[in-house]
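Hi,

Here's the structure I promised to pass along. Have a look at it first, and then read on for what turned up.

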Amino acid sequence: MTTEYFSGFGTGSSAWTAENSAHSDAYTKASFAGYARYMCFPSGIPYTRQISQYMYWSNATVRCTK
């Protein structure tokens with residue numbers, strides 16, 4: 001059994017959209033490494049911060065096992 005972690009980054013007009021974008025980016029990176037979406041799950045809590053009045057930035061990680 002192999003476990004790998006993939007980090008993704010995202011931005012959005014709210015914390016939720018930024019985190020969603022970051023998870024999507026991480027899942028995309030995992031898919032390039034040969035993992036199907038059902039093999040991966042969010043790992044930990046996304047790191048999100050407000051970078052301007054209307055913009056949030058987020059870093060999220062997914063853990064994939066096969």
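Why is the disulfide of Cys40 and Cys64 right-handed? The torsion about its S-S bond is about 110°, so that is the hand you get. Keep in mind that this is a predicted model.

The sulfur atoms of Cys40 and Cys64 sit 2.1 Å apart, inside the 2.5 Å cut-off for calling a disulfide. The count by that rule is one disulfide. It ties together distant parts of the chain: Cys40 belongs to strand β2 (residues 40-52) and Cys64 to strand β3 (residues 55-65), with the two cysteines 24 residues apart. As for solvent, both Cys40 and Cys64 are buried.

Now the sheet. Three strands make up an open sheet in the order β1-β3-β2, and the pairing is antiparallel. The edges are taken by β1 (3-12) and β2, each of which has a single partner strand, so one side of each has no neighbour in the sheet. From one strand to the next, the twist averages 15°.

If you want to check the β1 and β3 pairing yourself, these two antiparallel strands are joined by ten bridges. Thr3, for instance, has Thr65 in β3 as its bridge partner.

Last, the helix. α1 (residues 15-32) lies across β1, β2 and β3, and its direction is at about 140° to that of β1.

Cheers

Key:
Residues numbered from 1 in each chain as written. Predicted model: local features only at pLDDT ≥ 70, side-chain atom pairs only at ≥ 80, totals over all residues. Heavy atoms only, no water. Helix = DSSP H or I, 4+ residues; strand = E, 2+ residues; numbered from the N terminus. Buried < 20%, exposed > 50% of the residue type's maximum accessible area, 1.4 Å probe, protein only. Pairing = 2+ DSSP bridges. Axes fitted to C-alpha atoms, helices over the stretch in contact; angles between N-to-C directions. Contact = heavy atoms within 4.5 Å.
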